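Biologist: Could you walk me through this model and show how its labels follow from the values?

Modeller: Happy to, let's take a look together.

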Amino acid sequence: MAPSPKCHGKAGPAPGPVPNGLIRLYSMRFCPFAQRARLVLTAKGVKHEIININLKDKPDWFLEKNPSGTVPVLETSSGQVIYESPITCEYLDEAYPEKKLLPSDPLERAQQRMLLDHYSKVIPYFYKISMGKKRGEDVSAAEVEFTEKVSQLHEYLAKKKTKYFGGDSITMIDYLIWPWFERAEMMGVKHCLANTPELRKWIECMFEDPVVKATMFNTEDHKVFFNTYMDGNPNYDHGL
């Protein structure tokens, strides 16, 4: 029987061993970091099962697998555990090499990792702006800083002259960056992208990707979850 999509809390029983031929993803349906792993699993066609975790009421058995309590976490049928979203995605690309998402050229891989490092400094602004707006705070300074940082992504694409960050087809870096742009409207930063035509073209292309379509939620569902999260009572099972 396939695992229920409902999240597992502290009182929930531990799942059994991972079935042979599968890899298990511990996730949370609305988590952008976990979505990175879901995108890669889907893009590569890896057979997997998903167990969702209540991140406010984490089971002890989950904390034994990842003491930091974050998702995503991968578990193999032999009991090996891998966590942290970029690490899980790189592991999947190496462990299932049939459809590689990382470039084969060492320089190109290094460039993608450098771009990801820059993007890691952009991510906090999505939350700072959206949370500040919901609390009625002045976020104009944060919006200026966000626009400056995200403009570097636009400049990267404009200089590269390709549809995607890795070239003319989707690669790992696109999936690692994507989840927050899926949420851009809900997070109140869409207007900050007005002067980034190359980046907006990338967003349009990503929305058309079958893998993105298979893993995404609509803006309204994101809004409903985020509002419950901001109110301190996140509805991890919204829509089920």
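Modeller: Let's begin with one cut-off: a residue is called buried when its relative accessible area is under 20%. Keep in mind that this is a predicted model.

Biologist: Why is Trp178 called buried?

Modeller: Its relative accessible area is 0%, and the limit is under 20%, so Trp178 counts as buried. Trp178 is found in helix α7.

Biologist: Which residues does Trp178 touch, not counting those up to four places away in sequence?

Modeller: Gln35, Leu39, Trp202, Ile203, Met206, Phe207 and Val212.

Biologist: What makes α7 roughly perpendicular to α8?

Modeller: Helix α7 (residues 172-182) and helix α8 (residues 197-207) pack at an angle of about 95 degrees, their axes being 11 Å apart. The label covers 65 to 115 degrees, and therefore α7 is roughly perpendicular to α8.

Biologist: Which residues meet there, in α7 and in α8?

Modeller: From α7 they are Asp174, Tyr175, Ile177, Trp178, Phe181 and Glu182, and from α8 Leu199, Trp202, Ile203, Met206 and Phe207. Nine residues of this contact are nonpolar, none is polar and two are charged.

Biologist: Which members of the largest nonpolar core touch the most other members?

Modeller: Phe146, Phe181 and Trp202, in a core of 54 residues. Helix α7 supplies the largest share of this core, eight residues.

Biologist: How do you know that this core lies between domain 1 and domain 2?

Modeller: Because domain 1 (23-95) and domain 2 (106-208) both give residues to the core, it lies between them. A second, separate core has 15 residues, among them Ala34, Ile53, Val73 and Phe217.

Conventions. Residues are numbered from 1 along each chain as its sequence is written. This is a predicted model: local features need pLDDT of at least 70, side-chain atom pairs count only at pLDDT 80 or more; totals for chains, interfaces and linings use all residues. Side-chain values use heavy atoms; hydrogens and water are left out. Axes are lines fitted to C-alpha atoms, for helices over the stretch in contact, and angles run from 0 to 180 degrees between N-to-C directions. Helices (H or I, at least four residues) and strands (E, at least two) are DSSP runs, numbered from the N terminus. Angles under 35 degrees count as roughly parallel, over 145 as roughly antiparallel, 65 to 115 as roughly perpendicular and the rest as oblique. Contact means heavy atoms within 4.5 Å. Ala, Val, Leu, Ile, Met, Phe, Trp, Tyr, Cys and Pro count as nonpolar, Asp, Glu, Lys and Arg as charged, and the others, Gly among them, as polar. Buried means under 20% relative accessible area, exposed over 50%, partly exposed in between (1.4 Å probe, protein chains only). A nonpolar core is a set of buried Ala, Val, Leu, Ile, Met, Phe, Trp, Tyr and Cys residues joined through side-chain atoms within 4.5 Å. Domain bounds come from an automatic or database domain assignment.
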